[in-house]
Amino acid sequence: MRIVLFYSATESFNFFTDQLAKELQIRGHEVFILNLTLFQAEDTRSLEAFLEFVSQKVDAAICFDGLGARDDIFIELWDSWQTVVVDILMDPPLRFHPTFEKHPHNYRLFCCDKDHVEYVKRYFGKEVPFVGFMPHVGVVPEENVSVIPYKDKKYDILFSGTYYRPQDMFAKLEETFAKDTPIYDIYRYVFDYLVEDSSLTVEQAMLKAIDGLGLSRSMDEKTLKILLRCSEPVDWAIRMYQRERVVKVLANAGFDIYLLGRGWENHDCSGHPNVHRIDDRIPYKETLSYMADTKINLNVFPWFKAGTHDRIFNALLQHSLPLTDSSKWITKNFKDGEDIALYELKHLERLPAITDWLLQNNELAEKMIQKGYEKVRNNYTWGNCVDWILKAII
């Protein structure tokens with residue numbers, strides 16, 4: 001088949017695109033990668049090469065978060081060739097309502113969380129006839145890369161991800177709604193419910209807030225969808241709230257924790273002698289070598305309550321132990337203490353003891369990592385991802 005992929009301003013997506021391209025080419029498919037940043041700047045070479053490639057039928061276009069699927073020029077082009085467009089969401093669907101309402105005819109949507117799948121079916125079932133679940137995947141190390149024994153790894157605990165102050169993220173609502181107004185107060189209730197019950201999705205908290213304020217009877221679906229679409233700052237705020245708490249608990253307990261990502265200078269524990277900054281931002285590929293040299297790779301789910309995250313799979317493929325809060329998918333497909341290590345957001349007081357136990361028991365940790373590695377190696381790699389995509393296209 002002839003397939004178009006995309007580079008964008010999101011560096012991690014470009015890395016993912018490279019992984020897809022490699023796997024597709026191994027299978028004999030012809031791949032063209034369009035750099036959207038150059039295309040939008042009207043780079044002559046990029047545009048000419050792209051136009052030459054699409055002068056013949058394009059069988060499929062594969063993109064992340066709608067980048068390459070939602071603009072009119074692409075919708076018209078893909079429809080003219082009856083191209084199958086595969087859109088892989090790496091973020092919550094509440095951010096992509098406009099894409100669901102306007103997209104190519106042969107549109108296939110995949111979400112990394114089963115709750116996200118149900119969200120799309122519930123609110124955009126007519127507009128998006130095909131939506132399915134696709135777990136994240138990880139990168140298999142090169143064969144010549146040596147595995148560092150658990151006891152010899154340089155870093156005890158690594159968290160790779162950004163940090164923003166939760167209150168700053170929530171305050172972004174003021175760009176849309178005036179503060180101290182009834183509609184702004186709805187989002188205050190939503191955030192409070194999420195803090196109170198970490199098992200709730202943003203959608204569930206929104207419905208609970210609407211019901212608690214006595215607005216259920218007067219709220220039509222169109223208004224509800226608008227409220228959900230505008231709740232992105234709340235989604236960011238609750239993510240950062242929990243990320244802040246988890247790091248703070250471990251830092252205050254005295255563990256050496258290494259942070260790789262932007263914004264951690266704003267965290268309350270940034271000045272602690274046991275809290276170390278590796279870097280603000282490095283290419284996605286380079287994070288893998290840090291994971292490989294770390295005993296425990298810490299994960300805090302970005303509010304995917306029935307989903308996956310690539311930090312978990314990459315940690316295991318790099319022969320490190322993921323320590324993560326859970327999701328319905330994780331508890332169904334992994335077993336705590338056997339091939340993964342879990343903690344609970346509602347019981348963070350237990351996290352230091354769990355962490356200490358894992359750091360002190362090298363043999364146990366090695367066994368967990370090996371079992372997890374085998375599971376991920378056999379089921380959740382970029383090779384598996386291409387198999388899933390090709391099945392959807394064909």
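The largest cavity is lined by Phe-16, Phe-64, Ile-88, Met-90, Cys-112, Met-134, Pro-135, His-136, Val-137, Asp-310, Trp-382 and Cys-385. This is a predicted model, in which local features need pLDDT of at least 70 and side-chain atom pairs count only at pLDDT 80 or more, while totals for chains, interfaces and linings use all residues. Residues are numbered from 1 along each chain as its sequence is written, and side-chain values use heavy atoms, with hydrogens and water left out.

On a 1 Å grid over the protein atoms alone, a cavity is a set of points where a 1.4 Å probe fits but cannot get out, whereas a pocket is an open set with protein on both sides within 12 Å along at least five of seven lines; lining residues have an atom within 4 Å of a point. Grid points are joined across faces, edges and corners, and a volume is the space filled by probe spheres set on the points.

By this rule there are three cavities of 30 Å³ or more, and the largest cavity has a volume of about 100 Å³. Its lining comprises ten nonpolar, one polar and one charged residues, where Ala, Val, Leu, Ile, Met, Phe, Trp, Tyr, Cys and Pro count as nonpolar, Asp, Glu, Lys and Arg as charged, and the others, Gly among them, as polar.

The second largest cavity, with a volume of about 40 Å³, has a lining of six nonpolar, three polar and no charged residues. Helices (H or I, at least four residues) and strands (E, at least two) are DSSP runs, numbered from the N terminus.

Turning to the pockets, the largest has a volume of about 1,100 Å³, and of the 38 residues that line this pocket, the closest to its centre are Thr-10, Ser-12, Thr-162, Arg-262 and Arg-281. Its lining has 16 nonpolar, ten polar and twelve charged residues.

Finally, consider helix H11 (residues 232–252) and helix H15 (residues 351–360), whose axes come within 9 Å and cross at roughly 65°; such axes are lines fitted to C-alpha atoms, for helices over the stretch in contact, and angles run from 0 to 180 degrees between N-to-C directions. The contact (heavy atoms within 4.5 Å) is made by Val-246, Val-249 and Leu-250 of H11 and Leu-351, Pro-352 and Thr-355 of H15.
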